[in-house]
Amino acid sequence: MKVYVNDHINLLDLQNALLSVSVQRREQALRFKHEMGQRLSLAAYLLLKQALHEQEGISENPVFGYEEHGKPFILGHPELYFSLSHCKEAAVCVLSRRPVGIDVESLGRYRDSVARYAMNVDELEQISRADDREAAFVRLWTMKESYLKMTGEGINDRMKDVLVGVPQGIFNTVERLEKNYIYTVCEQ
């Protein structure tokens with residue numbers, strides 16, 4: 001499984017990108033009021049196009065359908081699973097033939113109130129013992145969100161217990177602290 005990353009979002013040619021994606025994705029990207037949101041949405045989709053071409057030989061623009069809780073799938077390709085994510089610094093994508101989820105988050109948004117909402121007692125203790133509390137929080141958050149994306153549940157009110165009983169071996173976390181982000185892939 002290969003993770004596709006674009007952390008040079010400012011170099012994306014917005015006009016050419018808008019012309020090279022599906023009408024569905026173009027409309028979705030243009031719903032973002034700010035140019036950076038448009039760039040990130042397009043960058044993630046372009047990474048999926050790259051993955052589909054490199055891994056599966058598919059060159060047409062993917063069109064999405066959506067499951068009950070909003071998890072996207074590629075129409076006409078039920079054998080493929082993918083996940084997209086973006087933050088201010090990067091867009092990421094993963095494509096697999098098994099259920100998969102990915103989440104990328106920027107550093108610099110740690111809040112005790114959010115940690116208390118989303119983390120259980122053991123996780124809060126792990127964060128408090130860490131040399132870098134911010135990175136520890138983001139690492140756990142990306143694990144939770146990538147797992148929820150993989151299962152199709154999406155963020156919900158049971159965030160504290162998401163990782164309880166989940167084998168740690170299904171996660172791969174990459175820290176790009178020098179670029180201000182962390183991402184985690186979760187694959188069954």
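Helices (H or I, at least four residues) and strands (E, at least two) are DSSP runs, numbered from the N terminus. The model is predicted: local features need pLDDT of at least 70, side-chain atom pairs count only at pLDDT 80 or more, and totals for chains, interfaces and linings use all residues. Residues are numbered from 1 along each chain as its sequence is written, and side-chain values use heavy atoms, with hydrogens and water left out.

**View 1. An open sheet of three strands, in the order S1-S5-S4, has antiparallel pairing.** Two strands pair if DSSP finds at least two bridges between them. Strands S1 (3–6) and S4 (81–86) are the edge strands, each pairing on one side only. S1 and S5 (residues 91–96) are joined in the antiparallel sense over four bridges, and Val5 stands opposite Val92 in S5. Helix H3 (residues 35–56) packs on the sheet and touches S1, S4 and S5 (contact means heavy atoms within 4.5 Å).

**View 2. Glu54 and Lys2 meet through their side chains in a salt bridge (3.3 Å, N to O).** A salt bridge is a side-chain nitrogen of Lys or Arg within 4 Å of a carboxyl oxygen of Asp or Glu. Glu54 lies in helix H3 and Lys2 in the segment before S1, 52 residues apart.

**View 3. A salt bridge joins the side chains of Arg97 and Glu56 (2.7 Å, N to O).** Arg97 is in the loop between S5 and strand S6 (100–106), whereas Glu56 is in helix H3, 41 residues apart.

**View 4. Glu125 forms a salt bridge with Arg129, with the closest N and O atoms 3.5 Å apart.** Both residues lie in helix H5 (residues 121–129), four residues apart, about one turn of the helix.

How values were computed. Axes are lines fitted to C-alpha atoms, for helices over the stretch in contact, and angles run from 0 to 180 degrees between N-to-C directions.
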